[in-house]
Amino acid sequence: MDDAGKPFSGRVVLPGSPSAPVSHGFTPPGDTGGMIDPERLDVTVVDGYVDEPAHFGVPPYVSTYPRFAAGALVDAGVPRDRITYHTIDELREDRRRWRDVADADLFVYVGGMTVPGKYVGGTPAEPDEVRELAWTADGTSVMGGPVRFGVGDANEGATETARDDLDFDFLAMADVEAAVHDLVENGLEGFDDRYRDNAELDRWARKGAFVVESHPNHPDYLIAEMETSRGCPYRCSFCTEPMYGDPAFRSPESVVAEVEALYDRGVRHFRLGRQADILAYGGDGERPNPDALRDLYGGIREVAPDLETLHLDNMNPVTIVEWPERSREAIRIIAEHNTPGDVAAFGLESADPVVQERNNLLVSADECFEAVRILNEAGGWRPGEQPGTGPSTGADAGRRLPKLLPGINLVHGLEGEREETFEHNRRFLERVYDAGLLLRRINIRQVMAFEGTEMADSGAEIAREHKKQFKRYKREVREAIDNPMLKRLAPPGTILEDVHLEYHDSGTTFGRQLGTYPLLVGLPGERDLGRSIDVAITDHGYRSVTGVPYPLDVNEASMDELEAIPGINRSTAGDVVVGRPYGSLAEVDVDANLEAFATVGPLRRAD
């Protein structure tokens, strides 16, 4: 029984654990004792979306879970054309798709949130929705993914979770892909919870790539989350990643082969996000291995020559501090092969030494500052600048985003948090800004407490007690740090290529690039959604920017678009409109640097 008194069908078995695997036994109604033919099975996979410390799966991201599960099903003998894939948003929009859940011989649900977030591209499944899916399925139902770590009342911070099978026949307490593979091989009668090995993953990752073609965002607005490893050698109190054990690295050949399979099916955007520390890839789990990263990134570029996004996520600052020169070389290799705007998330978590000690956090504020400085220098150059020169700023800045910059993760509600904790964090961020360095983004959140982590004992009580102070502090950081940092990062005239237009709000069109933590961009007016345009930044908010289409044709631009350009007010914009048409920018008699934003005639691509 779980803490809420509800049954669940298993428990976590970490890789290498001496504990025997959990065995699930179940006989489907009408089954004749394991004589099910996999080639005649109809399987429906529903993606409820995932968000983990080292894994994105909310659109526009597609996680590894549905792809690996589909590949495992194919490997077990289920034909591809008998596997149906839907996202939870598709089911919400069209109730007719629920028939695929009801009629499937095997229904597979993947989902779960172990970090809180706010999402634009999709809405993660809530527990009540997942339970309704289980009730709808007439065949065998199995659930897996990070949902196995626990379920809360809602997908938000400052909450506790408890394990719950949500009325499914099976809850996979290890790898859901291994569970569905073995379940099919066992005639849907049951499986032992286990973790797949890398040989299986080599097959399943390639065989499951076909699923992406059924994603509603395919092909233009879909970014494939790629796993290079999972697990972590460190044991921070609140994190679920150590539950996967120590890091287990895939070979460069395996990751590259999966990229090739996805690329052949139309994917052009990739994120190496499924790892605790990209610098440790291919080594002992702690020390950087530049050669392995060269093989990985070089191989990806070779099989996907026209990719449009190649980003990453997690990078451990302690690695940079302990092996600075090897880290510089590894960062140089990444920045040579990636695409601009890439973010390496640094898990500082707290700059308060009391909180660091109580929660087994890895780096001090001083050490994290040094890691920020090194990454700025080695990876922060902009396209067209000399690699290794660090980011340019101000009037001399290049017109593209830097190649690779740090992001800072700060978690509140941890053991030992006190009033001084908020001031420690604020001083650290001020120190980075005052030193002239850049952070690509600052992620401030409250902890979620999961069974199996050290935080399970104290839960979210500290976070709830400090809720008001947290909100005030977060607002102060947005005003005092985020806004000026964003102006330094992307001064007016900075070009963002391929901004996908997503939604309208109060007469403004909002969109984002594909990538890691992309900037939210607002453009004057309501433009057609679902397409991509280049944008020149004109102004800055706390975590978002304002821009105009680049280059803006002064003969076609609206008053609002002209007025958004620095140096042009409403009166001047009116004069520009009255003076149309123009044969060249030189004919536009306004006191503004139009060359950075506008043109006359057909649009052209950014340099």
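Trainee: Which strands form a hairpin with 3 residues between them?

Mentor: In this predicted model, strand 23 and strand 24 make that hairpin. Strand 23 covers residues 532-540 and runs antiparallel to strand 24, with 5 bridges joining the two.

Trainee: How many strands close into a barrel, and in what order?

Mentor: There are 5 strands in the closed barrel, in the order 20-21-22-24-23, and the pairing is mixed. From one strand to the next, the twist averages 55°.

Trainee: How do strand 20 and strand 21 run relative to each other, parallel or antiparallel?

Mentor: They run antiparallel, with 5 bridges between strand 20 (residues 495-505) and strand 21. Leucine 501 has glycine 511 in strand 21 as its bridge partner. The hairpin of these two strands has 2 residues between them, and serine 506 there takes a positive phi near 55°.

Trainee: And how many bridges join strand 21 to strand 22?

Mentor: 4 bridges join them, and the two strands run antiparallel. In this pairing, phenylalanine 510 has glycine 522 of strand 22 as its bridge partner.

Trainee: How many residues of strand 21 are buried?

Mentor: Of the 5 residues in strand 21 (residues 508-512), 4 are buried, so the strand is largely enclosed by the rest of the structure.

Trainee: Let us turn to the core. Which residues touch the most other members of the largest nonpolar core?

Mentor: The general idea is that nonpolar side chains tend to be buried together in soluble globular proteins. Here the largest nonpolar core has 113 residues, and Phe270, Met315, Phe346 and Phe428 touch the most other members. Helix 12, residues 365-379, gives the most to this core, with 8 residues. Apart from this core lies another, of 21 residues, which includes Tyr49, Met113, Ala134 and Leu171.

Trainee: What is phenylalanine 346 in contact with, leaving aside its neighbours within four places in sequence?

Mentor: Its contacts include Met315, Pro317 and Ile320, and also Cys368, Ala371, Val372 and Leu375. Pro406, Gly407, Ile408 and Asn409 are in contact with phenylalanine 346 too.

Trainee: Now the charged side chains. What is the count of salt bridges?

Mentor: Side chains of opposite charge can pair when their charged atoms come close. The count in this model comes to 43 salt bridges. One of them joins the side chains of arginine 271 and glutamate 225, at 2.7 Å from N to O. Arginine 271 is in strand 14 (residues 269-274) and glutamate 225 in strand 11 (residues 223-227), so the pair ties together parts that are 46 residues apart in sequence.

Trainee: Which aspartate does the side chain of arginine 271 meet in a salt bridge?

Mentor: Aspartate 313, at 3.3 Å from N to O. The pair links distant parts of the chain, 42 residues apart: arginine 271 is in strand 14, and aspartate 313 is in the loop between strand 15 (309-312) and helix 9 (317-322). Both arginine 271 and aspartate 313 are buried.

Trainee: Where do arginine 328 and glutamate 377 lie?

Mentor: Arginine 328 is in helix 10 (residues 324-337) and glutamate 377 in helix 12, 49 residues apart. They form a salt bridge in which the closest N and O atoms are 2.9 Å apart. Arginine 328 counts as partly exposed because its relative accessibility is 25%. Glutamate 377 is also partly exposed, at 28%.

Trainee: Which residues are linked in a network of salt bridges?

Mentor: Asp175, Glu177, Arg196, Glu227 and Arg230 are linked in this way.

Trainee: Last, is threonine 421 buried or exposed?

Mentor: Threonine 421 has 1% relative accessibility, so it counts as buried. Its place is in helix 13, residues 419-434. A polar contact of 2.6 Å joins its side chain to that of aspartate 352. Not counting residues up to four places away in sequence, threonine 421 touches Ser350, Asp352, Val355, His412 and Gly416.

Methods
Residues are numbered from 1 along each chain as its sequence is written. This is a predicted model: local features need pLDDT of at least 70, side-chain atom pairs count only at pLDDT 80 or more; totals for chains, interfaces and linings use all residues. Side-chain values use heavy atoms; hydrogens and water are left out. A nonpolar core is a set of buried Ala, Val, Leu, Ile, Met, Phe, Trp, Tyr and Cys residues joined through side-chain atoms within 4.5 Å. Buried means under 20% relative accessible area, exposed over 50%, partly exposed in between (1.4 Å probe, protein chains only). Contact means heavy atoms within 4.5 Å. Two strands pair if DSSP finds at least two bridges between them. Axes are lines fitted to C-alpha atoms, for helices over the stretch in contact, and angles run from 0 to 180 degrees between N-to-C directions. A salt bridge is a side-chain nitrogen of Lys or Arg within 4 Å of a carboxyl oxygen of Asp or Glu. A polar contact is a pair of N or O atoms within 3.5 Å; within protein, one must be able to donate a hydrogen and the other to accept it, and residues adjacent in sequence count only if both atoms are side-chain atoms.
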